Structure formats: C-alpha cells, structure tokens
Amino acid sequence: MRANAATGGVTGFATQNGGTTGGQGGQVVTASTGSAIHTALCNRASSSTPIVIQVSGTINHGNTTKVSGDSCNTAADRIELKEISNVTIIGVGSGAVFDQLGIHIRDSSNIIIQNVTVRNVKKSGSPVSNGGDAIGMESTVRNVWVDHVTLEASGGEDEGFDGLFDLKDDVEYVTLSYSILRNSGRGGLIGSSESDTGNNYITFHHNAYSNIDSRTPLLRGGIAHIYNNSYTNLVESGINSRAGGRAKVDNNHFKDSTDVLGTFYTTEAGFWQVSGNIFDNVTWSAPSGDHQPAGPNPTSNTTVSIPYSYTLDGASCVPSIVAQTAGANKGLQVSNGNCVPTSPTGGPATPPPTTGGPTTPPPTTPPPSGTNLSLSGGADGSSKASGTSYGNVKDGSMTTYWSPSGTTGSISVKWSSATSVARISIREASGATGLIGAYRVLDGDTGAVLATGSGAGTISFGATSTKKITFEITGASGTPRVAEFEAYAS
C-alpha cells in the first residue's frame, strides 16, 4: 500500500490558525532509518523549507543517530522535530514502525504525522526514549495533524511506559484522527500540571481507545473537541476534564469501562458539553472530594463553540466505522459521514478555509525556544483601553490582554538590569487575530529601531542589550488585543 501525504484532508482544530499543510509542495524523500529521517531534515535549505519524508521499515535505536545541520536540531534517542516547520512524515510501502523510539515535537509548527506505528516507548528500563511518550509535543507547538497512526504500549508506568499522546507547555491547534491507542496505563494528557493550562484547541475524532487505565485524554484548561471515538475497557477513568478545561463530547461510544467522563484525582473542576453519546456497560463510582464522575446520567455543565465544520456519525455505528478505518496500514480510509468507509481521493489535501473562532497567526519564522524573558520583567506602554492592563502581556496567559486606547499605541517589557534580547513573539488574543498592521520594534533605552514590518507573530533582530523593548503599533484594522509579548535571548 502506497500512501500520499495528507490524503483525506486535515480536519478539526488543525484546520484553524492558517491551516496545517505539513511539507506540501516540498521535496519528497524516502527514509528507512531514524538517521535518514534526521538527515532529510538537516539537508533542507532552511528549517522551514517544506519536505515530505516517506518512511518504511522499522525505525529503532540501532539505526537512529543525532545528525547536525543549520536546518535541524536532532537527538540520538528519539525522532526529534525541534525548532522546525513544514514537515510531513508518512508511512509507505508495507508499513513504518517506530519501535521503542518516540517522536518528539518541540518549538515547531505545521507538522503532519500519518500512517505510522509507534510502540513500546519507555521512560524507564532499557532502552529509554522521549520520556516514555509515543508522540509528545511541548513548548510553543502550533498546527499539528496526527492521522491514521497506531500508538501502543505493553503496560503502564510500572512497566516503564508513560503517555501515548502527550501535549504540554503551550501546544495549540492539534488534531488526532483515525488512530488507535491501546494497551497503556495512560492515553495522553493536555497540560502536565494544574498550572500548565495554556494548551488549547485540540480535536480527537474517530480514534479507537482500548485497554487504557486513564487519560483519554486528561485535559487541564483549554478546549478539546472529542467526537466519534470508540472506547473499550477504560479501567480507571476516561475523559478527565479538570483545572477549568472544557470538553465538547459528541457521539462517542463507550463500552465495558469505568468512569468514562468527569473530573478525577483533583478538586479543581473541569467542564463538559455532552450530546449523542452511548454508554454500554459503563460503571460509575460514587462521587467524592477529588473524584467527580459525570454519570450515571451525564449532562452538560458548559457550552463550547466549535469554529470549524464537521459531520457526526451516529454513535451506534462508531465502533464499526472506527474498526474499519482507524490506525496505520488501513489505506487511510475515512468515514463518509454515514459510517461507511471511504477511500481517500489521493494527493496532498488543501486545508479547509478558516471559518472564524479562536485563531492566532502562524509564526513567520520557527517559534522561539528557551526562556521567555518577559515573565521575569515588568511592562508599561501608551494609554491603555479601559479594562486592560500592561501586565497582561507578560503574565503567561492568553486569556488576558492589553489594548491601546485607540487602534495604535505601544507596549513595552522592561527589566531592572540590561538584558540581551534577539527575538520577540507578539501573540494576539482570541477574536482579535489579524488586526495588527504596521509595527516598529524599538530599543526602549536608546529609541533605536530594531525591526519594522506588519502583522503579529515572531520577530527577529540583532541581539540587543537593553532594559526595555517596545512594540509600537503604527497601523491596525481595529483595536488590537495583545495577549502576550514574549522576549527571547536567541
């Protein structure tokens, strides 16, 4: 079976924020070792040059090494997609298996992973890889589509395994579709702790979860859309919405499982909107202080707006359609919306148009890595709009923001002593993306112009030692809302 990159079309939240195209339009290369995958990344003209890597065979520790280059940042003990963008990794031929070797995405954007199996990745024992996660994402990751993959372990934490699909530390606009997750203690998390609530806009649909203890997923803060998934033998708990998380849970099928929805192992509540789900032989335990199941008759306690279009299969046929379509080496088949498997049309898909809702502009350069220096500084600026605050741009929260009193103005971050800054990231608040037009970046100490341009996103300039960096908005199509003004040393 030969697969085509992005066949079937990206879906869910990965269609937002400019869409997810992976390496579409780029060079197509083949790889049968982990080192060859890394070499393909490192041989690109730049870290953002589009590339499609067609993978076959078994990728493992024995054939994976660190490869160096200006367009990559790889590692020897995992497939490392770090500080890069515009990449598709797709299994072809008789299959691609990442055996005991995890895939790690960090400080990257516009990534597609499709038609591969990742199995038995360990965080303890030997060999270890990727903290025990089959696929893990962390630290300013945007727009990732993981589709038709099989993620599996051979036990839980006691056997050395961790999560199958873990997202943490600022991950947004991700879709996991038509995939199998099985035989693990932990399905996956969104947010690594009760304070890591800045991950957002994740879609799970047409996935098969089986023989999982918990976390299908665990959601801390943010929004997740969970529809048309088949769940069997969830041993301890299932969808765990907590710490203010909001899950829209539509037309899923739960069978032979325990406490499949609720807030578990914490007193910090989460929320859910439910419709059309089937609960077949589901056991619900009694509520207690840190254990609040949604059942035995789950009802909605929030509402969640979904900005993209989607078609729901009826929950009664979800186990059948998911069994026929989910996982690697299934021909990339999808549902036609009536629980009938449909072969993909072939060729790279064009992402659906953005239909509104929460978006942020894609970075114009690879996302910054390292410490966000703004978090340790202060902030000031020109006149601010009523109800906003300068400090909102450096509090690490996308839900608070600063606005000028009109359509133009300036916002600054500052420090008590000279600090070297070479890159900033301006992140617009939900509902205000694309409003910022022309800008200047200034050295607040000297007034020197460090950069000019238009639109929010990541802005690089020569490293400057200063006590203050100013982002001056000189043109806008409405009243801007700057949620975060991040500063980095490199």
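**Aromatic rings and their surroundings**

Author: A search of the whole structure finds 13 aromatic pairs, where rings of Phe, Tyr and Trp (its six-membered ring) pair if their centres lie within 6.5 Å, and where planes under 30 degrees apart count as stacked, over 60 as edge-to-face and the rest as tilted. One of these pairs is formed by Phe264 and Tyr265, whose ring centres are 6.2 Å apart and whose planes meet at 50 degrees, so the pair is tilted. The model is a predicted one, in which local features need pLDDT of at least 70 and side-chain atom pairs count only at pLDDT 80 or more, while totals for chains, interfaces and linings use all residues. Residues are numbered from 1 along each chain as its sequence is written, and side-chain values use heavy atoms, with hydrogens and water left out.

A charged group takes part elsewhere, since Arg481 lies over the face of Tyr401 at 5.0 Å from the ring centre; a charge sits over a ring if NZ of Lys or CZ of Arg is within 6 Å of the ring centre and within 35 degrees of the ring normal.

The strands come next; helices (H or I, at least four residues) and strands (E, at least two) are DSSP runs, numbered from the N terminus, and two strands pair if DSSP finds at least two bridges between them. Strand β16 (residues 208-214) runs parallel to strand β19 (residues 230-234), and four bridges join them, with Tyr231 in β19 as the bridge partner of Tyr209. On β19 there is also a parallel pairing with strand β22 (residues 253-258), over three bridges, in which Thr232 stands opposite Lys255 in β22.

Some details of the backbone deserve a careful look, because most residues other than glycine have a negative phi, and most peptide bonds are trans. The peptide bond from Thr216 to Pro217 is cis, with omega near 0 degrees, and Pro217 belongs to the loop between β16 and β17 (218-220). Another cis peptide bond, with omega about -5 degrees, joins Ser126 and Pro127, the latter placed in the loop between β7 (117-119) and β8 (135-138). Asp107, which is not a glycine, has a positive phi of about 50 degrees; Asp107 lies in the loop between β5 (103-106) and β6 (109-114) and counts as buried at 0% relative accessibility. Asn183 has a positive phi as well, near 60 degrees, but is found in strand β13 (residues 180-186) and counts as partly exposed at 31% relative accessibility.

Finally, Glu486 in strand β34 (residues 482-488) counts as buried at 6% relative accessibility. The side chain of Glu486 makes polar contacts (pairs of N or O atoms within 3.5 Å; within protein, one must be able to donate a hydrogen and the other to accept it, and residues adjacent in sequence count only if both atoms are side-chain atoms) with the side chain of Arg427 at 3.2 Å and with the side chain of Tyr488 at 2.9 Å.

Conventions: Buried < 20%, exposed > 50% of the residue type's maximum accessible area, 1.4 Å probe, protein only.
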